[in-house]
Amino acid sequence: MASVSNWTARHGHALVSTAGHLGRHGVATVLTVAVMGLALALPLALNVLVRNVRAATGDFSEAVGLSVYFKPEVPEQKARQLAKAAAERTGVASVKLITASEALAEFRLQSGFGAALDALPDNPLPNVLTIRPSPDAASPAQLDALRSYLLAWPEVDSVQLDRDWVLRFSAILDLLRRVVLITAVMLGAGVIAVVGNTIRLEILNRRAEIEVTKLVGGTNGFVRRPFLYAGALYGMLAGSIAWGLVAIARLSLTPVAVRLATAYGSNFTLQGPSVAELGILLLTGIVLGWLGAWIAAARELARIEPRTA
Amino acid sequence: MISFERVSKRYPNGREALSDLSFEVHDGEMVFLTGRSGAGKSTVLKLIALLERPTRGQVIVNGAQTSRLPLRRVPLFRRGLGVVFQDHRLLMDRPVFDNVALPLIVADTSFREIDKRVRAALDQVGLLGKEQVAPLELSVGEQQRVGIARAIVSKPPLLVADEPTGNLDATLAAEVMGLFRRFNEVGVTVVVATHDLHLVRESGLREILLDDGHIGIHG
């Protein structure tokens with residue numbers, strides 16, 4: 001008797017009647033969904049923030065570099081050869097040679113010590129290589145390895161690594177990401193609790209109906225179904241609200257961010273949630289709503305058995 | 001159809017509602033369950049509808065031994081009988097159609113079939129055309145008949161009624177009894193618990209008299 005089309009029709013019916021039920025209880029639905037939406041919006045907003053911070057500060061590979069100082073006696077010719085050799089190593093994106101004479105010229109121009117420099121018998125500056133690692137070879141460990149490799153060359157006097165602030169920055173980002181995760185877990189539990197409580201009240205309100213349904217042979221699964229749909233719908237609506245809140249926040253922050261970026265001479269723009277993030281958001285909302293409803297239904301429905309008058 | 005064998009029922013509060021009760025109702029029979037309030041009529045009905053299980057003895061309904069039936073089989077068991085209550089237990093926020101359709105909906109019946117059978121059931125209780133009416137707009141007698149339509153819509157072989165005429169005047173009570181007689185004539189086994197001895201005597205049908213949880217003796 002129960003064909004596939006019956007099954008579809010039945011679930012469709014449950015879904016539509018559940019949606020209608022939520023619609024008729026407008027204020028309660030709106031309040032529940034608003035609380036859930038706020039709870040989902042916070043982790044989303046934090047995640048978007050972390051992503052924007054990363055985008056604003058640019059690729060690590062552009063900021064991180066090694067400065068290789070050759071010994072003063074190493075001639076320019078030799079420095080050029082070594083620059084080529086360094087460029088061929090894997091994990092190196094670019095190598096730029098600043099020759100001693102170039103460095104001197106620049107120093108003369110910028111320092112204003114031109115006359116003093118002329119008094120020196122020799123150029124005191126060494127040839128220098130600035131090396132940029134490729135993005136996939138910019139981890140602290142890989143940079144350390146590159147540094148040791150370069151230090152082993154007999155012509156190299158010292159290698160400076162702009163590493164400390166990279167370490168700090170990546171630690172800060174890791175911390176932020178962890179904060180996002182913890183916030184998401186805590187607020188997710190909150191969402192489950194809110195849905196669970198709403199569904200529990202709903203079940204108590206519809207106690208008479210549940211009793212009669214069980215009395216005429218409705219299974220627990222049948223009785224539970226509309227409540228699970230209600231939970232999932234709450235979750236989906238909450239996800240949409242969270243999306244809306246983050247979108248509004250982004251719109252109101254954009255002019256400020258643009259002004260800040262312009263002041264730093266950057267063309268950075270504030271990014272909104274990605275499509276993947278929105279998908280995850282909606283899915284999370286639906287799953288949490290379903291889960292909260294399921295927990296409430298499992299607890300409450302077992303207690304409701306039909307009675308005679 | 002129904003067999004009680006040395007059935008006792010003790011409630012958690014210690015009250016023994018039935019003690020060592022045995023009786024049988026045959027297929028296609030219609031019987032009255034009578035006795036004073038507290039004699040155990042409702043307990044008998046609860047045991048039949050599997051709202052309660054016996055403390056001792058065995059209850060066999062529709063071929064199923066109720067005390068051995070696992071919980072997950074209970075819904076299927078309940079689809080094999082229709083129950084009518086004194087307070088009819090209608091869902092007041094749903095139209096008549098939805099109320100009567102409920103036993104079919106839980107049994108995954110197709111929508112076309114539901115439509116057909118709900119109309120047939122309403123026709124049998126004389127309420128055809130009231131599908132979209134809210135139960136509150138109906139009279140007490142009509143509400144009771146909606147409850148009866150809900151009990152018979154899935155054509156169960158057994159119909160159980162708890163004081164179905166308790167809230168009705170004599171004319172309406174006779175009407176409702178007439179409905180039960182008609183279902184019985186087409187093969188449905190009917191058990192009616194009632195105070196209304198006048199209706200029982202008039203019907204000439206078998207009466208199971210309960211007295212303090214036992215089969216009583218007519219005085």
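Colleague: How many residues of chain B are in contact with chain A, and with how many residues of chain A?

Modeller: In this predicted model, 23 residues of chain B are in contact with 19 residues of chain A.

Colleague: Which helices of chain B each supply at least two residues of the side that touches chain A?

Modeller: They are helix H1 (41-48), helix H2 (74-78) and helix H3 (96-106) of chain B.

Colleague: And how do the residues on that side of chain B divide into nonpolar, polar and charged?

Modeller: Twelve are nonpolar, four are polar and seven are charged.

Colleague: Turning to chain A, what does the domain assignment give?

Modeller: Domain 1 of chain A comprises 4-59 + 168-301, and domain 2 covers 65-162. The centres of these domains, taken over C-alpha atoms, are separated by 54 Å.

Colleague: Now the helices. How do the axes of H2 and H11 of chain A cross?

Modeller: Helix H2 (residues 26-57) and helix H11 (residues 275-301) of chain A cross at roughly 160°, and their axes come within 11 Å. Angles over 145 degrees count as roughly antiparallel, so H2(A) is roughly antiparallel to H11(A).

Colleague: Is the crossing of H2(A) and H11(A) right-handed or left-handed?

Modeller: H2(A) passes H11(A) in a right-handed crossing.

Colleague: Which residues make that contact?

Modeller: H2(A) contributes A:Leu40, A:Leu44 and A:Asn47, while H11(A) contributes A:Glu277, A:Leu281 and A:Gly285.

Colleague: What is the contact of H2(A) with H11(A) like by class?

Modeller: This contact has three nonpolar, two polar and one charged residues.

Technical notes. Residues numbered from 1 in each chain as written. Chains lettered and ligands numbered in written order. Predicted model: local features only at pLDDT ≥ 70, side-chain atom pairs only at ≥ 80, totals over all residues. Axes fitted to C-alpha atoms, helices over the stretch in contact; angles between N-to-C directions. Helix = DSSP H or I, 4+ residues; strand = E, 2+ residues; numbered from the N terminus. Parallel < 35°, antiparallel > 145°, perpendicular 65-115°, else oblique. Left-handed = near helix turned anticlockwise from the far one by under 90°. Contact = placed C-beta atoms within 7 Å. Nonpolar A, V, L, I, M, F, W, Y, C, P; charged D, E, K, R; others polar. Domains from an automatic or database assignment.
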